[in-house]
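Please read this briefing with the sequence and the 3D view side by side.

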Amino acid sequence: MTINSNIFKTSTFKLAAIYLLFFALSVGTILAYVFWNTAGLLERQAEETIRAEIQALGDQYRQRGLSGIVDVIGRRMQDETGTLYLMVNAENEYIIGNLAAMPTPRPPDATWVDFPIKIGKGPATITHTAHAFHVDLSGGYQLLVGRDVQELRSFRSLIQNSLYWALGFAVVLGLGGGYLVSRSFLRRIDAINETSRNIMAGDFSQRMPVKGSGDELDRLAQSLNDMLSQIERLMAGMKEVSSNVAHDLKTPLTRLRARAEAALRTTSPEDHRAALQQTIHESDQLLTTFNALLSIARAEAGNSREGLVEVDVSEIIRDVAELYEPIIEDAHGTLDCRASETLMVRADRQLLAQAISNLLDNCMKYGASEANGSVNIGIFTKSDNGNAVIAVADRGVGIPEEDRERVLERFVRLDQSRNQPGNGLGLSLVSSVVKLLGGTFRLEDAKPGLMAIIELSLVK
């Protein structure tokens with residue numbers, strides 16, 4: 001298995017190494033505490049026992065002299081307590097004890113000394129370590145009291161080795177775990193980078209890989225995929241808009257040019273005047289189209305979000321209805337407005353009014369009743385589950401269910417609306433404004449006719 005050096009540069013591996021360092025320090029501290037409270041405690045207890053024995057023998061020597069201390073040591077050796085004794089005179093000659101001779105060189109007075117001792121006889125003899133305390137008595141005598149600490153030292157060595165092995169295993173397993181986690185993390189990051197490069201190369205259909213584990217990388221990848229989908233939709237929209245603008249503006253511009261050429265070929269002032277009037281009319285339609293496109297672009301870009309204030313939806317509805325009611329009555333239609341309840345939302349008053357006006361314009365153009373040709377429009381507001389609902393309905397032929405999403409796109413006009421003036425931007429503008437305001441916009445069947453519904457969150 002080849003080792004990728006980039007793994008050691010990842011933040012995951014660095015975090016794993018930092019965690020491992022703190023973990024190793026914690027484990028080392030705990031094991032050192034255990035060592036100090038086991039092997040260290042046993043050694044201290046052994047030394048305290050030896051000190052107490054030295055103190056007792058010293059008291060016997062001061063009280064009873066040489067015979068008294070020899071008598072006590074003799075009895076202690078018969079009890080087989082495991083304590084080592086040796087007493088020699090000034091010439092280093094053996095007096096009593098279960099040790100053969102003093103360690104060489106001669107240890108100083110009141111000194112701890114470690115030295116080897118032989119255990120067993122013949123071929124079964126083994127060497128152990130003794131830990132003893134040496135003291136000089138009056139009269140030139142020397143006393144050595146100690147214990148066989150071989151098992152204690154072996155236990156101490158066992159704990160030390162366990163400490164080293166535990167730390168070693170912790171480091172190895174920590175580094176190995178950090179390497180495996182970092183390798184998995186790096187693979188996913190490399191996959192995201194590869195996808196990003198493909199997208200930058202122009203393949204906007206690529207998406208970030210989602211493993212399905214629901215971890216932070218999956219959530220990041222899903223958010224990026226949602227962003228890429230939005231970008232892809234915007235790019236597709238730009239292409240479609242560019243194509244539609246070129247197509248829809250070509251015809252009026254061609255008419256403008258043809259009308260200007262025709263006017264140049266005549267000398268009649270009336271023809272010139274008529275040509276100029278038609279040119280102004282065509283120019284107004286072009287300006288209307290461009291203004292609608294600019295409004296949609298501003299709404300989709302969120303440039304108007306800073307101007308959102310608390311407004312009363314019902315008040316806006318009443319103002320728009322008051323403006324349109326005479327126009328609808330002149331067309332022998334009716335407008336039924338029911339907006340009495342105060343519904344406060346955060347919105348741009350002008351944009352919201354423009355969106356409602358577009359819905360009323362559509363009703364006037366395409367909402368005539370098939371029975372008598374009159375335009376009957378109903379508009380009302382209500383509150384529903386924390387939302388302000390705005391509904392505009394007509395009694396026309398409506399829009400087929402399969403086309404209700406498509407008509408929200410720019411420049412989309414259904415076949416039955418081709419004979420009416422317009423540019424196919426009205427509903428697209430409404431959809432963009434509602435999206436800017438954080439609401440929802442949908443089209444439903446009014447049976448008969450079409451009902452356009454806008455829902456905006458009420459101000460709490």
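The points below are grouped by topic, and they describe a predicted model.

**Helix H6**
- Helix H6 runs over residues 349-366 and has 18 residues, and the span from its first C-alpha to its last is 26 Å, close to the 26 Å expected at 1.5 Å a residue.
- At the N-terminal end, Asp348 caps H6, with a side-chain oxygen placed 3.0 Å from the backbone nitrogen of Gln350.
- The buried residues of this helix include Leu351, Leu352, Ile356, Leu359, Leu360 and Cys363, and the polar residues Ser357 and Asn358 are also among them.

**The nonpolar cores**
- The largest nonpolar core holds 44 residues, and Leu352, Phe441 and Leu443 are those with the most contacts inside it.
- Several elements each supply at least two residues of this core, among them helix H5 (313-330), H6, helix H7 (426-436) and strand S11 (440-445), while the largest share, eight residues, comes from H6.
- Leu443 touches Ile399, Arg404, Val407, Leu408, Leu427, Leu450, Met451 and Ala452, when residues up to four places away in sequence are not counted.

**Met87 in strand S1**
- Met87 belongs to strand S1, which covers residues 83-88, and Met87 counts as buried because its relative accessibility is 0%, where the cut-off for buried is under 20%.
- Beyond its neighbours within four places in sequence, Met87 is in contact with residues including Tyr61, Ile69, Ile73, Ile95, Leu137 and Tyr141.
- Met87 and Asp136 lie 49 residues apart in sequence, and their C-alpha atoms are 9.9 Å apart in space.

Definitions and conventions:
Residues are numbered from 1 along each chain as its sequence is written. This is a predicted model: local features need pLDDT of at least 70, side-chain atom pairs count only at pLDDT 80 or more; totals for chains, interfaces and linings use all residues. Side-chain values use heavy atoms; hydrogens and water are left out. Helices (H or I, at least four residues) and strands (E, at least two) are DSSP runs, numbered from the N terminus. The expected span of a helix is 1.5 Å times one less than its number of residues. Buried means under 20% relative accessible area, exposed over 50%, partly exposed in between (1.4 Å probe, protein chains only). A polar contact is a pair of N or O atoms within 3.5 Å; within protein, one must be able to donate a hydrogen and the other to accept it, and residues adjacent in sequence count only if both atoms are side-chain atoms. A nonpolar core is a set of buried Ala, Val, Leu, Ile, Met, Phe, Trp, Tyr and Cys residues joined through side-chain atoms within 4.5 Å. Contact means heavy atoms within 4.5 Å.
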